[in-house]
Amino acid sequence: MKATARAQTNIALIKYWGKRDEELILPTNNSLSLTLDGFYTTTTVEFREDLTRDLFYLNNQCVSGIPYNRVNQFLDIIRQKAGKHVFAEVRSTNQVPTAAGFASSASGFAALAAAGSKAIGLTLDDEELSRLTRRGSGSACRSIYGGFAEWQKGELSDGSDSFAVPIKPQDYWDIRVAAVVLHADMKKVSSRVGMKRTVDTSPFFKGWVDSIPHDLEQIKAGISERDFEKVGSVAEANCLKMHATTLGANPPFTYWYDTTFKVMQHVQMLREKGIPAYFTIDAGPNVKVLYLPENEVEIKRELESIPGVTDVILSKAGQGISYL
Ligand code: PMV
């Protein structure tokens, strides 16, 4: 009753922003992502009859309390699915520099779902695994696959048609992402809280949802044509629209910091100089920059030169779930 799995994180090019069901984690829009090789979580799950509660070790430290309750709740879902009532020891190692501003929840829940379901004896195909992973963290359901993946929001109220599907594999296109780490100590509004406040109060939310089908169609065309400018410009515009919804919320909020804005302007300036680069930003201040391999050296140098940038971490397209 023991299994180990590894999952890589992903960056959304068309963002998931807004839930129609908080409990089942059902989104209001489809999203599309690129899995990244630089950031991953390795998790071992062992279900043991001798345990009287779940034990969770994160980077070799036993952790418990409110931030980790989601792990226990997720194990409950796995137990219920398998019809077994046995506690687990979970050991997770994150190769996701927390400072890089990547939600380690994406790789974390994907690895936990894969290792946990295998350890308890469930045999799930990718679609079933993605559906299960979604219950831990929405964005994680896309990390089942390498390369480009799309989370189909689904229509049904039980969530059975809400899961991710592969779009193009890891080796389809060598497109890269620089994670630009900023010196910022802003109080963070979690994605969960930010989404809910936006859905409930922002008059811009409807415009956001209405604009998704066109963005998706455009980005998929760009991916099929390997048209970097098309993919980059659609992703950048989609990110700006998502962040605009937060300014319309009540109370209003933003994830941006002054340096966030400086990086965005620098990326636009690089394009004016003829270097193709586009940014995207998740629910935090750090910026991710899409670029092509031939511009890697210059991109890194340029991003590192921006005052307030503390690190630039480079990544290629990553692979889907692997079992170790
Ligand atoms: O799955 P969560 O709760 O970490 O939400 C992720 C939301 C964004 O990162 C902002 C967008 C996305 O699609 O990953």
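Visitor: Which residues come nearest to the ligand?

Guide: Of the 14 residues around the ligand, those are Tyr16, Ser137, Ser139, Arg142 and Ser191; a residue is near a molecule or strand if one of its heavy atoms lies within 4 Å of it. A word on the source: this is a predicted model, where local features need pLDDT of at least 70 and side-chain atom pairs count only at pLDDT 80 or more, while totals for chains, interfaces and linings use all residues. Residues are numbered from 1 along each chain as its sequence is written, and side-chain values use heavy atoms, with hydrogens and water left out.

Visitor: What makes Lys230 and Glu225 partners in a polar contact?

Guide: Their side chains are joined at 3.4 Å, and a polar contact is a pair of N or O atoms within 3.5 Å; within protein, one must be able to donate a hydrogen and the other to accept it, and residues adjacent in sequence count only if both atoms are side-chain atoms.

Visitor: Why is Lys230 called partly exposed?

Guide: Its relative accessible area is 24%. Buried means under 20%, exposed over 50%, and partly exposed in between (1.4 Å probe, protein chains only), so Lys230 belongs to the partly exposed group.

Visitor: And why does Cys239 count as buried?

Guide: Cys239 has 0% relative accessibility, so it counts as buried. Cys62, at 46%, counts as partly exposed.

Visitor: What makes E11 and E13 edge strands?

Guide: They belong to an open sheet of 4 strands with antiparallel pairing, in the order E11-E12-E10-E13. Strand E11 (278-280) and strand E13 (309-315) each pair on one side only. Strands (E, at least two residues) and helices (H or I, at least four) are DSSP runs, numbered from the N terminus.

Visitor: How do you know that E10 and E12 pair?

Guide: Two strands pair if DSSP finds at least two bridges between them. Strand E10 (residues 176-182) and strand E12 (residues 287-291) have 5 bridges, in the antiparallel sense.
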